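Please look over the model below before reading my comments. Keep the sequence to hand.

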Amino acid sequence: MNGLRAVVVCLVIACAAVVSPAAAVTPNPAVTPSWSALPVPAAAPPMTVSDLAARGPAEAWATGYEQAADGLRPMVYRWNGTAWSRDTTFPGAGEPGWLGKVQFVGTDVWIFHNRAGEGEILRRSASGWSALPLPQTLWTYQDFTATPGAAWVVGEDDTGLKVLHYDGSHWTAQSTPAGVLYLMGVTARAADDAWAWADTSTGTAVLHWDGTAWQDAKVPLPPDSNVHTVLLEPSGRITIGGSQYTDGVARTYVMTFNGHVWRTAHPPLGDTYTEGMVRGPDGALWLPVRSDRAFQSKYARVDGPRTTFSYGPERTNAIDVKPRVLTRAGSSLLSFGTVEIYGSKPNLMSERLGG
């Protein structure tokens with residue numbers, strides 16, 4: 001009888017092992033996606049990476065500027081799904097200046113361009129590059145965003161804050177609510193759905209443009225906090241990333257609006273700057289973070305209450321690897337930034353997860 005019982009117990013254990021859910025979902029390390037290095041043609045160091053945007057796996061654009069002998073020079077790189085290449089065919093490519101945010105507007109690519117102090121928007125269509133000048137020169141060009149039927153440039157001149165709005169035909173200057181001192185960033189989902197984060201006389205605030213006027217969106221930001229970025233999604237979801245200060249110490253927060261209520265979380269990211277945060281193809285939030293390994297980049301993945309980290313490929317003799325911006329490219333993620341190899345100045349780098 002005892003022998004029969006032992007046989008039955010063994011059979012039960014064996015069957016449980018076969019049908020165990022944990023065993024069924026254990027990932028195969030051989031097929032787990034990992035970050036890989038993508039070669040980038042070198043620029044003239046030191047350089048600064050401004051932005052990165054993709055339209056599917058076969059088209060992405062990265063912007064910034066390099067240091068020439070007589071000052072800054074704009075740089076733009078294109079990803080075609082296989083390799084990065086530098087584009088030098090846009091107006092003002094060989095002149096002093098820098099490139100900022102890049103956006104896809106319909107079938108075109110729009111990029112903010114500071115051309116020797118004069119602001120303009122570069123537009124690339126199937127027929128090539130063109131430039132849309134701003135109606136006035138600003139002291140500071142803080143940010144830019146565009147969507148079908150509208151574009152905004154925010155900054156300052158000698159009279160103070162300026163919000164320049166393009167409706168597809170004409171530029172106009174827009175006013176902001178009383179107490180707004182400075183706009184730190186702007187983004188838009190549609191011509192009548194734009195958002196900006198501002199420094200006001202009472203602290204940081206988030207503003208909303210509804211097609212008629214800019215108004216305080218009454219976002220319940222954490223006390224003593226600032227905003228680094230606002231992510232707008234077609235579903236209506238909004239994600240805000242920033243820093244909250246407690247006793248002079250900063251810690252990262254993430255706020256999400258599901259269409260009804262704002263929820264705030266403090267993922268274990270220290271005081272990470274969240275400007276490079278994106279929504280990945282897996283639905284989680286991804287952002288570059290300060291790496292604890294000199295020869296590898298590091299990325300955080302925030303999925304609800306769970307935060308995990310992954311490293312980029314090991315780079316021989318690297319002493320500082322800094323991905324600056326991320327973007328979703330189809331089912332993969334692309335990053336763009338700089339890497340410093342021992343004995344040389346930092347130069348450009350790019351990495352991809354999946355794909």
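My numbered points follow.

1. Ground rules. This is a predicted model, in which local features need pLDDT of at least 70, side-chain atom pairs count only at pLDDT 80 or more, and totals for chains, interfaces and linings use all residues. Residues are numbered from 1 along each chain as its sequence is written, and side-chain values use heavy atoms, with hydrogens and water left out.

2. Confidence. Mean pLDDT for the protein is 91, and 91% of its residues reach 70 or more. (pLDDT is the predictor's confidence in each residue, from 0 to 100.) Residues 1–31 fall below 50. Beyond near neighbours in sequence, that stretch has two contacts in the model. (Contact means heavy atoms within 4.5 Å.)

3. Overall build. The protein has two helices and 28 strands. (Both are DSSP runs numbered from the N terminus: helices are H or I with at least four residues, strands E with at least two.) Its C-alpha atoms fill a box of roughly 95 × 45 × 45 Å along the principal axes. Of the 355 residues, 46% are buried. (Buried means under 20% relative accessible area, exposed over 50%, partly exposed in between, with a 1.4 Å probe and protein chains only.) Among contacts between residues at least 6 apart in sequence, 41% join residues at least 24 apart.

4. Largest pocket. Its volume is about 1,600 Å³. (A pocket is an open set of points on a 1 Å grid over the protein atoms alone, where a 1.4 Å probe fits, with protein on both sides within 12 Å along at least five of seven lines; lining residues have an atom within 4 Å of a point. Points are joined across faces, edges and corners, and a volume is the space filled by probe spheres set on them.) The lining has 48 residues, with D51, K101, Q103, T187 and L231 closest to the centre. Strands giving two or more residues include β2 (47–54), β6 (97–105), β14 (180–190) and β18 (225–232). The lining divides into 26 nonpolar, 13 polar and nine charged residues. (Nonpolar covers Ala, Val, Leu, Ile, Met, Phe, Trp, Tyr, Cys and Pro; charged covers Asp, Glu, Lys and Arg; the others, Gly among them, are polar.)

5. L231. Is L231 buried or exposed? At 15% relative accessibility, L231 counts as buried. L231 sits in strand β18. Leaving aside neighbours within four places in sequence, L231 contacts R237, I238, T239, M277, V278, R279 and L285. Its C-alpha atom lies 21 Å from that of G203, 28 residues away along the chain.

6. Second largest pocket. This one holds about 610 Å³. It has 27 lining residues, and P288, V289, R290, K322 and P323 lie nearest its centre. β26 supplies the largest share of the lining, six residues. The lining splits into twelve nonpolar, eight polar and seven charged residues.

7. Cores. The largest nonpolar core has 18 residues, of which L52, A60, Y77, W84, L334, F336 and L348 touch the most other members. (Such a core is a set of buried Ala, Val, Leu, Ile, Met, Phe, Trp, Tyr and Cys residues joined through side-chain atoms within 4.5 Å.) β2 gives the most, with four residues. Beyond four places in sequence, L334 touches residues including L38, L52, A60, W79 and W84. A second, separate core of 15 residues includes W110, I121, A151 and L164.
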